[in-house]
Amino acid sequence: MKVDVLVDVQRGDCGKGKISKSLNEKYKYDTIAKYNGGGNAGHAVWIGDTKYTTHYLTSGIYDENTKIVIGCGCVINPKEFINEYNQFNEQFKLDGRVFIHPYTHIITDEHIEEDSKDKIIGTTGKGIGPTYSGKYARTNKRAIDIDELKPFLLPSNDISLLSNKRILMEGSQGWWLDIDYGSYPYVTSSHIHPGFAFTTFAIPLKNVGNIYGVAKIYETYVGKAKDLVICDPKDAHIIREAGKEYGETTGRPREIGYLNINDLATACNQCGVNYLYINKCDILEEVKIFKVIIDKKIHKFNNLVLLTNFINKYLRINTNIKEVIFSGTRDGEDLK
Ligand code: IMP
């Protein structure tokens, strides 16, 4: 069994759904599993002119031969999950190919109520923090305890019995929202690191394949710590509108920052990324803003080619990445 991991190396919303779908078209995974987070995540994928947004289901939905597994590092709101399943079942023929790990913790109305009191972090209000708190306080119910989820339970807690060839683990959120390594307390409540995919599914580390990183050519952040990203407010407004940078889950406007190249290199090194996708290059080309943050200062480039050449060179020198792939907003828009 070979396990690849897809991890966002910024603050979420970098286009993991799109990359996961295209990796599956190339490698035909048995299973695309989700290893952390819950309904706070939102994966958007364009097929033709239609945009599909999922919160629990992975990009496995787009291929009838791929199974989808929600791991026990995730938290799940049964009502939201079942609604999402019903929304996509007919079109994508999900019957018999969606599984939930029996140990996945359950988000309750009480957890959501507790989350609604948050005034500091700017959470998505989906009950994430209180549910992970309950997990560690050992007070929660798990998927195995919930009748409505019985039809979806993995037959055992061993994913290798379901899927023994090739698995893609799809991360939620992004590295700087990691509970330990992110900008605490402005983080989510789970681990983003690819290693957590192995912990969650109890898979030996020797099974690791490729670690695919996903970033954007600019940064975004949603939450209360507005100064985590740096950008001239005029540029931020232009990029936000061109890139339609509004949350998939909450609709909140995202804060915009120029790409922070030092943070990107650190994230790729810490997550062990060997292939990095940098999305949304078409947006900067459209608005003609070519700036990055290097050592906390803004540097300007004359065009997209000079900007991408710089990013590529910097990452080649400062990380172990084998290839950086510059891409657009939608499928099939890789820049040559
Ligand atoms: P929570 O995960 O709902 O507790 O929110 C904690 C922080 O993580 C907030 O700043 C959220 O905006 C952010 N966050 C959670 N999930 C996502 C995501 O999928 N994309 C971007 N930000 C997220």
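**Strands 10 and 13.** I looked up strand 10 (residues 208-216) and strand 13 (residues 275-279) and found them paired in the parallel sense over five bridges. I count two strands as paired if DSSP finds at least two bridges between them. Strands (E, at least two residues) and helices (H or I, at least four) are DSSP runs, numbered from the N terminus. Lys216 stands opposite Asn279 in strand 13.

**Basis.** I note that this is a predicted model, where local features need pLDDT of at least 70 and side-chain atom pairs count only at pLDDT 80 or more, while totals for chains, interfaces and linings use all residues. Residues are numbered from 1 along each chain as its sequence is written, and side-chain values use heavy atoms, with hydrogens and water left out.

I traced an open sheet of eight strands with parallel pairing, in the order 7-5-2-9-1-10-13-16. Its edges are strand 7 (98-100) and strand 16 (323-326), each of which pairs on one side only. From one strand to the next the twist averages 20°. Helix 1 (residues 16-27) packs on the sheet and touches strand 1 (2-8), strand 2 (31-34), strand 9 (166-170), strand 10 and strand 13; contact means heavy atoms within 4.5 Å. The direction of helix 1 makes about 155° with that of strand 1. For such angles, axes are lines fitted to C-alpha atoms, for helices over the stretch in contact, and values run from 0 to 180 degrees between N-to-C directions.

**The hairpin.** I checked strand 3 (residues 43-47) and strand 4 (residues 50-54), which pair in the antiparallel sense over five bridges. Ile47 stands opposite Thr50 in strand 4. Two residues lie between the strands, and Gly48 in this hairpin takes a positive phi near 60°.

**The ligand.** Which residues come nearest to the ligand? Of the 17 around it, I list Asn40, Thr124, Thr188, Val222 and Arg252; a residue counts as near if one of its heavy atoms lies within 4 Å. A polar side-chain atom of Thr124 lies 2.6 Å from a ligand oxygen atom. For Thr188, an N or O atom in the side chain is 2.6 Å from an oxygen atom of the ligand. Val222 places a backbone N or O atom 2.6 Å from a ligand oxygen atom.

**Helix 4.** In helix 4 (residues 128-137) I found Ile128, Pro130, Thr131, Tyr132, Gly134 and Lys135 buried (under 20% relative accessible area, 1.4 Å probe, protein chains only). Their cover includes strand 6 (75-76), strand 8 (105-106) and helix 3 (109-115). Just after helix 4, Arg138 takes a positive phi of about 65°.

Terms used
Buried means under 20% relative accessible area, exposed over 50%, partly exposed in between (1.4 Å probe, protein chains only). A polar contact is a pair of N or O atoms within 3.5 Å; within protein, one must be able to donate a hydrogen and the other to accept it, and residues adjacent in sequence count only if both atoms are side-chain atoms.
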